[in-house]
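Biologist: Hi! Could you walk me through this one while we look at it together?

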Amino acid sequence: MTLAALTLVTVHATAQIGEHRNVVSIGVNGGYAMSNVGFTPKVNQKMYGGMTGGVTFRYVCEKYFNTVCALQAEVNYTQAGWKEDILDLNDQPVINPATGVAEDYSRAINYIQVPFMAHLGWGREERGMQFFVQAGPQLGLYLSESTKSSYDGHQPNTADRANATVAQETMPVENKLDYGIVAGAGLEYSHPKIGHIQLEARYYYGLANIYGDSKKDYFGKSNNGTIYVKLAYLFDLLK
């Protein structure tokens, strides 16, 4: 009897550790994306700014001790790319002799991005604030690209540049599928009558290259990197 009683107590205690949840939420998200490309050989860059936004899906499956466990996925349109920092050896803007103005070049690369993340939260689930972290894989499908340059139709002034790598300026994106790892942290406010509002900072590190990386290719590495600042609104479909 004693052994049976101890077994029942143990099973009951174990069952209380993880509290089942079955909450399905959907919503929209939007924000700002700051991107660059990790080129080898190096290309001096500033962050390229673009918009990101789409739909968000979340499934809360369990509360384990004080941790709310969920899966969150999104389908987003994102403007990524890079903006070159064109300076001479004295850190001064390089002037193009044909135009007489400072050289400027940027490339916009538009993607459909699908992050699929494990989501862990601590705090109030239904009425109040919660801190969360989330991470997982992200796939990106290339849609289009465009360039802006202050010397369109003219040769860049490579003689005065501190970094004379310009092959990327005339090369279209070769690899249409992008993939990597994304991770972020943020705050979520929840209320039964309002829904859920998330504010998050997130970083994406690309594991694929936008250009070929074989020995015969110019770049050995050309992966995307993006910092996102996002705001999302979700409401519960199933609870």
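Modeller: Happy to! Let's begin with glutamate 74, which is buried, with a relative accessible area of 2%. Keep in mind that this is a predicted model.

Biologist: Okay, which side chain does glutamate 74 meet in a salt bridge?

Modeller: That of arginine 202, at 3.0 Å from N to O. Arginine 202 is buried as well, with a relative accessible area of 3%.

Biologist: Where do glutamate 74 and arginine 202 lie?

Modeller: Glutamate 74 is in strand 4 and arginine 202 is in strand 8, so the pair ties together parts that are 128 residues apart in sequence.

Biologist: How many salt bridges are there in the whole structure?

Modeller: The search finds 14. One of them joins arginine 21 and glutamate 125, at 2.9 Å from N to O.

Biologist: Is arginine 21 buried or exposed?

Modeller: Arginine 21 counts as buried because its relative accessibility is 18%, and the cut-off for buried is under 20%. Glutamate 125 is partly exposed, at 23%. Both belong to a network of salt bridges that also links Glu19 and Lys63.

Biologist: Switching topic: which residues touch the most other members in the largest nonpolar core?

Modeller: That core has 18 residues, and those touching the most other members include Phe39, Trp82 and Tyr111.

Biologist: And which strand gives the most to this core?

Modeller: Strand 5, with 3 residues. Strand 1 and strand 4 each supply at least two.

Biologist: What does tyrosine 111 touch?

Modeller: Leaving aside residues up to four places away in sequence, its contacts include Tyr77, Leu141, Asp178 and Ile210.

Terms used. Residues numbered from 1 in each chain as written. Predicted model: local features only at pLDDT ≥ 70, side-chain atom pairs only at ≥ 80, totals over all residues. Heavy atoms only, no water. Core = buried A, V, L, I, M, F, W, Y, C linked by side-chain atoms within 4.5 Å. Buried < 20%, exposed > 50% of the residue type's maximum accessible area, 1.4 Å probe, protein only. Helix = DSSP H or I, 4+ residues; strand = E, 2+ residues; numbered from the N terminus. Contact = heavy atoms within 4.5 Å. Salt bridge = Lys/Arg side-chain N within 4 Å of Asp/Glu carboxyl O.
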